[in-house]
Amino acid sequence: MRPRPGGGHADPVSQTSSDAIPDPVLRASGLTKRYGSRQVLHGIDLTVRRGEVYGFLGPNGAGKTTTLRIILGLVRLTAGRVRVLDGSPGSPSVLRRIGMLIESPAFYPYLSGRDNLRALARYRRLPDSRVDEVLDFVELTSSGRARFAGYSLGMKQRLGLAAALLPDPPLLILDEPTNGLDPAGIAKMRGSLRRLSDAGHTILLSSHLLGEVQQVCDRVGMIAAGRMVREGTVDELRGGRRLTVAARPLEQAREVAGRVLGTDRVSVVDGQLSLLAGDNDASRVNRALVTAGVDVSGLSWQERSLEDIFFEVTQEPALEPAGERKGTS
């Protein structure tokens, strides 16, 4: 998890007590869901720890939204167990402490953004000052008096995030918050999520945009065809950096590198050495190769992305780009 800033003034969006939430915030085991003869979830296990940003990844139709609806009590389980904020999904005591943005936000089109939030705040018995705080956080203060019907897609998504933040929830559940946004809108949403993370909120973020998740998440769960296929920190899933070495003769270079790093960390890919190596290993390997009379013509670092890992473990074709979502997952 990212370090939290110390000292200074409290963030106006987050005033949550550090000991108000047990650890973990969310624990789900064996989540199974069938619609008639069609099974969409196959025993999903999921744990979200306090204060982290957890990325729930998968292609469209993988079961992400169904899982989130179960966690929120909107869909009934076929089998399995869920505990959220030490309570049951859908219970009033739990829902009061969750901020959610599931699919596209829905507001009164002919009310302003601010008036929409005021209506929600009064329903929750929150002061109007809270509306001003969340509008400022999502950078919509100047547009708050404009009608929601005239908002761009990015503004609508940010207003949805503002609505989720109104009760200052310890847990945020966000389903595809960057769906359909242009690069500028994605960057604004990314910045908001980072600030929420730094303020200590726990965030469960569902997405199929792997590059975006890689930039903001602490841990990641990958789902495909209703099954959890991999879970861990971003660094764990990426498996460290690889050092590519162009050297001749290749077999001799492989033997020398194996003696330096261990044979299990050395392989040959496309006629070059591929080494699972740390920061100090490049100079060690290069020195050993040159000393052994191996001709080294190039060294370069290669880092695997979450997209690379996802394709490896799911054997899925390329994911759809943002804005081309075809249906609810």
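**Close-up views of a predicted model**

**View 1. Strand E8 and its two partner strands.** Strand E3 (residues 53-57) pairs with E8 in the parallel sense, over 4 bridges. The model is a predicted one. Across this pairing, Tyr54 stands opposite Arg219 in E8. E8 also pairs with strand E9 (residues 227-233), here in the antiparallel sense and over 6 bridges. In that pairing Met222 stands opposite Arg230 in E9. A hairpin is formed by E8 and E9, with 2 residues between them. Ala225, in the turn, has a positive phi of about 50°.

**View 2. Burial along strand E8.** In a regular strand the side chains alternate between the two faces of the sheet. Arg219, Gly221 and Ile223 point one way from E8, while Val220, Met222 and Ala224 point the other way. Residues of both sets are buried, that is, under 20% relative accessible area. Since 6 of the 6 residues of E8 (residues 219-224) are buried, the strand is largely enclosed by the rest of the structure.

**View 3. The open sheet E2-E1-E4.** The 3 strands of this open sheet follow the order E2-E1-E4, and their pairing is antiparallel. Strand E2 (38-48) and strand E4 (79-84) stand at the edges; each has a single partner strand, so one side of each is left without a neighbour in the sheet. From one strand to the next, the twist averages 20°. Strand E1 (residues 26-35) is joined to E2 by 8 bridges, and the two run antiparallel. Ala28 has Leu46 as its bridge partner in E2.

**View 4. Packing of helices H3 and H5.** Helix H3 (residues 113-123) packs against helix H5 (residues 153-165) at an angle of about 25°, and their axes are 10 Å apart. Angles under 35 degrees count as roughly parallel, so H3 is roughly parallel to H5. The crossing of H3 past H5 is right-handed. On the H3 side Gly113, Leu117 and Leu120 take part, and they meet Leu159, Ala162 and Ala163 in H5. The residues of this contact divide into 5 nonpolar, 1 polar and no charged.

**View 5. The hairpin of strands E11 and E12.** Strand E11 (residues 266-269) and strand E12 (residues 272-276) are paired over 4 bridges in the antiparallel sense. Val269 stands opposite Gln272 in E12. The two strands form a hairpin with 2 residues between them. Asp270 lies in the turn and has a positive phi of about 55°.

Methods: Residues are numbered from 1 along each chain as its sequence is written. This is a predicted model: local features need pLDDT of at least 70, side-chain atom pairs count only at pLDDT 80 or more; totals for chains, interfaces and linings use all residues. Side-chain values use heavy atoms; hydrogens and water are left out. Two strands pair if DSSP finds at least two bridges between them. Axes are lines fitted to C-alpha atoms, for helices over the stretch in contact, and angles run from 0 to 180 degrees between N-to-C directions. Angles under 35 degrees count as roughly parallel, over 145 as roughly antiparallel, 65 to 115 as roughly perpendicular and the rest as oblique. A crossing is left-handed if the near helix is turned anticlockwise from the far one by less than a right angle, and right-handed if clockwise. Contact means heavy atoms within 4.5 Å. Ala, Val, Leu, Ile, Met, Phe, Trp, Tyr, Cys and Pro count as nonpolar, Asp, Glu, Lys and Arg as charged, and the others, Gly among them, as polar. Buried means under 20% relative accessible area, exposed over 50%, partly exposed in between (1.4 Å probe, protein chains only).
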